[in-house]
Amino acid sequence: MFLMGSALWRPRETSAAGFLAFPRGLAEVQRCTGLLCSMRVCDARCSVGFGSVLSGAESETLKQRRTQVMSRGLPKQKPIEGVKQVIVVASGKGGVGKSTTAVNLALALAVNDSSKAIGLLDADVYGPSIPKMMNLKGNPELAQNNLMRPLLNYGIACMSMGFLVEETAPVVWRGLMVMSAIERLLRQVDWGQLDYLVVDMPPGTGDVQLSVSQNIPISGAVIVSTPQDIALIDAHKGAEMFRKVHVPVLGLVQNMSVFQCPKCKHKTHIFGADGARRLAQTLDLDVLGDIPLHLSIREASDTGLPVVFSKPESDETKAYLRVAAEVVRRLPLPPE
């Protein structure tokens with residue numbers, strides 16, 4: 001049985017293809033989940049269950065109705081108080097070093113221009129990494145205006161779901177609760193005055209990415225990927241998602257680009273060579289920089305001493321500084 005509009009319809013029989021066919025003579029336009037759906041079933045059995053043959057005018061009417069419904073559901077973008085520009089660091093796939101890039105990008109922005117105030121927001125509700133990478137523990141205090149105060153280390157103001165739950169406690173939430181948490185992290189934090197807020201996005205192209213993109217104005221997105229083909233497929237999707245929601249993509253960061261043996265100095269492209277550059281050409285984007293696969297980057301992240309802070313003269317740090325400079329160069333002018 002199928003509930004369509006206010007009527008209960010029973011399938012007449014099962015078609016040869018295994019799909020349910022609807023009774024003859026159903027030619028009325030029904031409403032389904034608030035959208036105007038034209039469900040015309042002719043005498044011939046429909047292989048997809050819902051036989052739908054729309055004329056050009058009806059198809060246009062349906063598109064207009066959907067657009068109206070969707071436009072009513074979208075929230076209006078509202079800037080985060082005190083934050084001049086928001087930079088999101090994203091990837092279509094987990095495990096490509098996105099959080100490590102976000103942390104070192106925030107530190108590199110501060111190193112390149114010490115006059116700038118930088119914040120770091122961990123938007124990965126299910127797997128927050130910023131507390132460990134930034135060597136931060138504890139709960140945020142509440143200011144007099146009842147907003148949470150970010151935790152501070154290495155000159156960077158940080159906020160994460162990891163500060164609000166126990167380190168080993170899993171966040172077992174459905175979508176609506178996750179959206180509520182993201183809203184609080186965006187709106188109920190006293191950031192003070194920031195020039196740049198770097199947002200470490202979760203992997204994928206789902207609810208969190210859409211919620212952040214639709215709620216706040218984003219100055220630019222940085223897509224992180226390894227040169228591996230399987231990672232580049234998802235990075236492509238991530239870049240296209242931001243374009244669909246009208247967020248400018250600043251460029252790609254090719255992470256773990258090459259491994260150099262510390263003894264013989266031989267270079268090996270473990271995940272492939274220049275895959276991100278080929279993707280950037282396909283998307284008409286620039287590669288912001290290459291970050292090598294180096295033991296010091298991993299060790300620094302695991303010990304809560306990001307490489308930009310702990311090894312300021314290293315080649316790895318210089319790579320992050322170049323990426324930060326390219327990001328700033330491509331950002332639009334901040335609002336007055």
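Contact is taken here to mean heavy atoms within 4.5 Å. The structure is a predicted model, in which local features need pLDDT of at least 70 and side-chain atom pairs count only at pLDDT 80 or more, while totals for chains, interfaces and linings use all residues. Residues are numbered from 1 along each chain as its sequence is written, and side-chain values use heavy atoms, with hydrogens and water left out.

Ser219 is found in the loop that joins helix H5 (207–215) to strand E12 (220–225), where helices (H or I, at least four residues) and strands (E, at least two) are DSSP runs numbered from the N terminus. With a relative accessible area of 11%, Ser219 is buried (under 20% relative accessible area, with exposed meaning over 50% and partly exposed in between, for a 1.4 Å probe and protein chains only). When neighbours within four places in sequence are left aside, Ser219 is in contact with Gln85, Val86, Pro248, Leu250, Leu331 and Pro332.

Asn139, by contrast, is exposed, its relative accessible area being 62%; this residue is located in the loop between helix H3 (130–133) and strand E9 (151–153). Its C-alpha atom is separated by 5.2 Å from that of Phe163, although the two residues are 24 residues apart along the chain. Phe163 is also among the contacts of Asn139 beyond four places in sequence, together with Leu151 and Leu164.

Helix H6 (residues 229–244) and helix H7 (residues 275–283) have axes that come within 10 Å and cross at roughly 30 degrees, the axes being lines fitted to C-alpha atoms, for helices over the stretch in contact, with angles running from 0 to 180 degrees between N-to-C directions. H6 is therefore roughly parallel to H7 (angles under 35 degrees; over 145 is roughly antiparallel, 65 to 115 roughly perpendicular and the rest oblique). The contact is formed by Asp229, Leu232, Ala235, His236, Ala239, Glu240 and Arg243 of H6 with Gly275, Ala276, Arg278, Leu279, Thr282 and Leu283 of H7.

The buried residues of H6, which include Leu232, Ala235 and Ala239, pack against strand E7 (83–90), H5, E12, strand E13 (249–255) and H7. Just after H6, His246 adopts a positive phi of about 65 degrees.

Helix H2 (residues 98–112) comprises 15 residues and reaches 20 Å from its first C-alpha to its last, close to the 21 Å expected at 1.5 Å a residue (1.5 Å times one less than the number of residues). Twelve of the 15 residues of H2 are buried, so this helix is largely enclosed by the rest of the structure.
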